[in-house]
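Trainee: Could you go through this one with me before I set anything up?
Mentor: Of course, let us open it and take your questions as they come.

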2 protein chains.
Amino acid sequence: MTIGIGLLGLGTVGAGVAAILSAPAGRHPLVDQLRLQRVAVRDLSRPRPVELDPALLTTDPEAVVHDPAVDIVVEVMGGLEPARSLILSAIAAGKSVVTANKAVIARHGQEIAAAAAARGVYVLIEAAVGGGIPIIEPLKQSLGANRIQRVSGIINGTTNYILTRMADEGALYGTVLADAQALGYAEADPAADVEGGDAADKIAILAGLAYGGGVERSAIPTEGISGLQARDVSYADQLGFRVKLLAVAQSEGTDPDGTEQLDVRVHPTLVPKDHPLAGVNGVNNAILVEGDPVGRVMFYGPGAGAGPTASAVVADILNIAGIRQVGGPSAGLDPLLAAGSWRRCRLVDPAVTRHRNYLRLQTTDQAGVIGRIGSCFGQEEVSIQSIVQFQASGGEAEIVVITHEVQEARFRAALTAIAALPDVKAVAACLRTL
Amino acid sequence: MTIGIGLLGLGTVGAGVAAILSAPAGRHPLVDQLRLQRVAVRDLSRPRPVELDPALLTTDPEAVVHDPAVDIVVEVMGGLEPARSLILSAIAAGKSVVTANKAVIARHGQEIAAAAAARGVYVLIEAAVGGGIPIIEPLKQSLGANRIQRVSGIINGTTNYILTRMADEGALYGTVLADAQALGYAEADPAADVEGGDAADKIAILAGLAYGGGVERSAIPTEGISGLQARDVSYADQLGFRVKLLAVAQSEGTDPDGTEQLDVRVHPTLVPKDHPLAGVNGVNNAILVEGDPVGRVMFYGPGAGAGPTASAVVADILNIAGIRQVGGPSAGLDPLLAAGSWRRCRLVDPAVTRHRNYLRLQTTDQAGVIGRIGSCFGQEEVSIQSIVQFQASGGEAEIVVITHEVQEARFRAALTAIAALPDVKAVAACLRTL
């Protein structure tokens, strides 16, 4: 049985997919049953890293979607539109879709999933999170017996590359960003990566799968690394931590009506050096899933790149091809692979969530400062793990506080009181701590 | 749609499975469609960690297999027989099987797979390797686009616990083994773990899935950790390595007739401290898969225990339950989930494989010894990375050599010449190095 593949986009990932399909030897034999039938590109004349029959190319993506020889539509063009419309168009045409487009899925995932369920087709998204790392399929197909307590991860390679070099070299954020741009690890406009938006897209997707219901992407508290100072990376190191941009989705209990309460967020975080995520360096990604009864499992690997991402795209194609052999194109959907919503989820008020914190204060270098800061925390019942004076010169000092796990609202109240102390010149940094 | 589950065995894993099935809230909704219909136990009167309707229990496992209310048979009794016969009996009755039994699958996997394929049922084995870590499903369903170059892993928790404590505390093998036995991490008869047999079972299974064909379990070169000395763990540490019991399956090319050549082996190995497997400690497991184009992905988590293993067993049950919704019990098999063989594989002659080596020699403490050892290696064109004299007292010295990657036959020839040198009193240790 031959299965026709239509490709929307022939950039690095699309070319990677085409390369796999054109050289099936040594791969799973099902790869040999996939046939690239039509490829939509923006510019027919542009040179390609992969050789394709020119007759396959078209500049009309709808022609790919509606080609009767195309059974599965692969969307690797990126961007919100026309990607979203083309995905919906393929679903309407009764075709399963494979996409690497995290932005579309994070924003329009529920609309797309509803359309796919109604039409009885799959929309698979392994490549949207973690590049080549199998994480979407395992969440859907290997961890369903669990009550998921937390999904946390390093899911943006650009920021992890920058943070790794800042930690290893004591380098400044701006310097490393410029290097990353020169090396192609960061975009010319790096905002989506360094401000945390890309990681927020991905954790929204992971949360939806882990907890069985969508969360509002735009309401996810998101903090990037563009304001991170080399000094805090260095202090963290001295205190036994690595600074990582973590994306976290954590269960906070269940409402009386069964709605799952989730604390979902993205922020730079101090990770203890003996934690499995602390050793994830460079452009690698890792996702830690904690559940009952599995405990802690982690998935690690290359978070981006043509080859790894194409591996994930073709895995999704194979899953659709494989399941077609069970019951033909008009059969029922496998509920694990289709991964529809099965409960309502909502984001909790960040003020009531509990976290550990790292705080750096610039203060006067006077006796009693640490005591006064400690009193402010004490009045809000914020328990302190350590308080360390790091530098003192010219009448100024730097004080770093690490708290125990405390309610966010109480921490913020204490911080307001601290900022108002005459000794405190500035709240220079405030980061989360695992 | 309700799906009847029959359980063969109600030990720790069986009880863990029963506990999940009896409390579906908060898990994937498909769990709520599973009904425990019959449970085979050895002794009806023994107290259980999980409360079950006594009417479910029987001492006759065939009664479970042939109960018409049982759709899926879950074998968690362990041991070769009657487990193998019961699995075959369930297949003959047209029932899919889930098993955690690595010993049966490593030895009789091809017989069982052939029977399952002929009868059109699944035999799923996620729990057989890596406890709760999703590794079987990802190999089958997420990495099929790849040409797998190597699968390597720490897949025995008992030995990893022992090695971790030997490294962290400088403790002796025998001391830690006794502790591990007292803590329940090692069996009273620890041979299957410490001699590497359990890891060999598991790498045989992983190789079969990664390369699409079975290898002869009994022919896998297997070396355990029972002869490992604390001194070598300490020297390895000083040279920048952790000693781990690695199981490896590596592609060595393809015969003209398409047969895949594999180097499969289990042995204590020096792992560079910056390698992802070096940080896997205690009873945790991790499996690293290297493929083209995915690169390196790693799967990490608890390698044993009732909860993690039950999580994997129920994942398999859910996969069978999910796919039954596609086409009903008489539909075709999903070739990815069924994971039949698709090419012949054979083990290569170990003498022609290439590895790095760690060698510890007891020698006389005389000028020129290192030179004479170096000459022996040179004559066999064995390239040396480092040669270090560690101790010298009473006219004796200890010399540790780490080679570059060399052909095994040449290394062994050099070793024979070295052992015959008058200066060399003993070849005290010989380990592989990553």
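Trainee: Which way do strand β11 of chain A and β11(B) run, and how many bridges join them?
Mentor: Bearing in mind that this is a predicted model, the two strands run antiparallel and are joined by 3 bridges, with the chain A strand covering residues 295-302. Within that pairing, Phe299(A) has Phe299(B) as its bridge partner.

Trainee: And how many residues of chain B are in contact with chain A overall?
Mentor: On the chain B side there are 53 residues, and they are in contact with 53 residues of chain A. The elements of chain B that give two or more residues to that side are α1 (12-22), α5 (136-141), β11 (295-302), α11 (306-327) and α12 (335-338). Of these, α11(B) gives the most, with 13 residues.

Trainee: What's the make-up of that side by class?
Mentor: The side of chain B that touches chain A has 29 nonpolar, 18 polar and 6 charged residues.

Trainee: What rotation superposes chain B on chain A?
Mentor: A rotation of 180° does it, with 0.0 Å of shift along the axis and an RMSD of 0.0 Å, which is the relation of a two-fold axis. In keeping with that, the same surface serves both copies, since 100% of the contact residues of chain B recur in chain A.

Trainee: Switching to the sheet in chain B, what's the strand order?
Mentor: The open sheet has 6 strands in the order β3-β2-β1-β4-β5-β6, with parallel pairing. Its edge strands are β3 (57-58) and β6 (123-124), each of which pairs on one side only.

Trainee: How many bridges does β1(B) make with β2 of chain B, and how many with β4(B)?
Mentor: β1(B) is joined to β2 (residues 34-40) by 6 bridges, and Ile5(B) stands opposite Leu36(B) in β2(B). Between β1(B), which spans residues 3-8, and β4(B) there are 4 bridges, again in the parallel sense, and here Leu8(B) stands opposite Glu75(B).

Trainee: What about β4(B) and β5 of chain B, which way do they run?
Mentor: They run parallel, with 4 bridges joining β4(B) to β5, residues 96-99, and Val74(B) stands opposite Val98(B). Together with helix α3 (residues 83-92), these two strands make a right-handed β-α-β unit.

Trainee: Which residues of β4(B) point which way, and are they buried or exposed?
Mentor: Ile72(B) and Val74(B) point one way from the strand, Val73(B) and Glu75(B) point the other way, and all are buried. In a regular strand the side chains alternate between the two faces of the sheet.

Trainee: Over in chain A, where is Ile317(A), and is it buried or exposed?
Mentor: Ile317(A) has its place in helix α11, residues 306-327, and it is buried because 26 other C-beta atoms lie within 10 Å, where 20 or more is the cut-off. Leaving aside neighbours within four places in sequence, Ile317(A) is in contact with Ile5(A), Leu34(A), Ile72(A), Val74(A) and Val98(A). The C-alpha atoms of Ile317(A) and Val73(A) are separated by 9.1 Å, although the two residues are 244 residues apart along the chain.

Trainee: How is chain A divided into domains?
Mentor: Domain 1 takes 3-135 + 306-342, domain 2 takes 144-301 and domain 3 takes 352-433. The centres of domain 2 and domain 3 of chain A, taken over C-alpha atoms, are separated by 24 Å, and their contact takes 11 residues from domain 2 and 10 residues from domain 3. On the domain 2 side, α10 (230-238) and β9 (260-272) of chain A each give two or more residues, and β9(A) has the largest share, with 5 residues.

Trainee: Then what is the phi of Glu381(A), and what is that of Ala339(B)?
Mentor: Glu381(A) has a positive phi of about 60°, and Ala339(B) has a positive phi of about 55°. Glu381(A) is exposed, with 11 other C-beta atoms within 10 Å, whereas Ala339(B) counts as buried, with 25 C-beta neighbours inside 10 Å.

Technical notes
Residues numbered from 1 in each chain as written. Chains lettered and ligands numbered in written order. Predicted model: local features only at pLDDT ≥ 70, side-chain atom pairs only at ≥ 80, totals over all residues. Contact = placed C-beta atoms within 7 Å. Nonpolar A, V, L, I, M, F, W, Y, C, P; charged D, E, K, R; others polar. Pairing = 2+ DSSP bridges. Domains from an automatic or database assignment. Buried ≥ 20, exposed ≤ 12 C-beta atoms within 10 Å, placed from the backbone. Right-handed = clockwise from strand over helix to strand, strands pointing away. Least-squares fit on C-alpha atoms with pLDDT ≥ 70 in both.
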